[in-house]
Amino acid sequence: MAFNLKPVFGYTVVYVKNVAKSVDFYAKASGYNVHRLYESHRWGELESGQSTIAFTPKHQLETDKLTGAVPRSDRERPPVGLCFVYSHVDTAYKPENKEWGQRVGYVRDIDGITLRMEAMFTH
C-alpha cells in the first residue's frame with residue numbers, strides 16, 4: 001500500500017514566557033480570534049486562516065530533554081519569526097520598500113520574537 005508522504009503544514013508553534021499574555025498580544029495585534037486557551041495556560045491557539053498559530057511555554061518538563069535546549073539568554077534571536085501579509089501594510093505599520101517588490105515593516109513581540117508585516121507593491 002502506498003502512502004502519501006507529502007505532509008500538509010499544520011501550524012506554527014511559538015515558545016513563549018507567558019502563553020496567556022502572548023495569545024492576548026497576538027489576538028490584539030492581528031485581529032485573529034482565540035481558538036482555544038487552556039486554563040493551565042500551557043497551550044493557546046489563534047485562528048489565522050488556513051493555519052493555526054499555537055503558543056506554549058519555553059520550558060516543558062515533558063519535552064525539554066527531547067527537543068533540545070531553549071536559547072541561553074534573551075539576547076539571542078528566538079528560533080522563530082512570524083510574517084503577516086496585508087493587502088495594505090501601511091495601515092498596520094510604517095514599512096519600507098524592498099528591492100524585491102515588497103513593503104516590509106518589523107516589530108518585536110513581548111518575548112522579543114520578530115514580527116514581519118508585508119505587502120507586495122509594484123515599482
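**Entry 1: a salt bridge**

I began with Glu45 and Arg36, whose side chains meet in a salt bridge at 3.7 Å, N to O. I count a salt bridge when a side-chain nitrogen of Lys or Arg is within 4 Å of a carboxyl oxygen of Asp or Glu. Glu45 counts as buried at 9% relative accessibility, while Arg36 is partly exposed at 33%. Buried means under 20% relative accessible area, exposed over 50%, and partly exposed in between, with a 1.4 Å probe and protein chains only.

**Entry 2: what kind of model**

I noted that this is a predicted model, in which local features need pLDDT of at least 70, side-chain atom pairs count only at pLDDT 80 or more, and totals for chains, interfaces and linings use all residues. Residues are numbered from 1 along each chain as its sequence is written, and side-chain values use heavy atoms, with hydrogens and water left out. The mean pLDDT (the predictor's confidence in each residue, from 0 to 100) is 78, and 73% of the residues reach 70 or more. Confidence is lowest in helix H2, residues 64–67, with a mean of 59, and highest in strand E2, residues 33–37, at 94. Helices (H or I, at least four residues) and strands (E, at least two) are DSSP runs, numbered from the N terminus.

**Entry 3: the sheet**

I looked up the sheet and found 4 strands in the order E1-E4-E3-E2, open and with mixed pairing. Strand E1 (11–16) and E2 stand at the edges with a single partner strand each, so one side of each has no neighbour in the sheet. The twist averages 25 degrees from one strand to the next. Strands E3 (residues 44–47) and E4 (residues 52–57) pair in the antiparallel sense over 4 bridges; pairing requires that DSSP finds at least two bridges between two strands. Glu45, from my opening entry, stands opposite Ala54 in E4.

Helix H1 (residues 19–30) packs on this sheet and touches E1, E2, E3 and E4, and its direction makes about 155 degrees with that of E4. Contact means heavy atoms within 4.5 Å. Axes are lines fitted to C-alpha atoms, for helices over the stretch in contact, and angles run from 0 to 180 degrees between N-to-C directions.

**Entry 4: the other salt bridges**

How many salt bridges does the whole structure hold? I found 3. Lys28 and Asp24 meet at 3.2 Å, N to O; both lie in helix H1, 4 residues apart, about one turn of the helix. Lys28 is exposed at 64% and Asp24 partly exposed at 39%. Glu96 and Lys98 meet at 2.5 Å, N to O. Glu96 is partly exposed at 43%, whereas Lys98 is buried at 16%.
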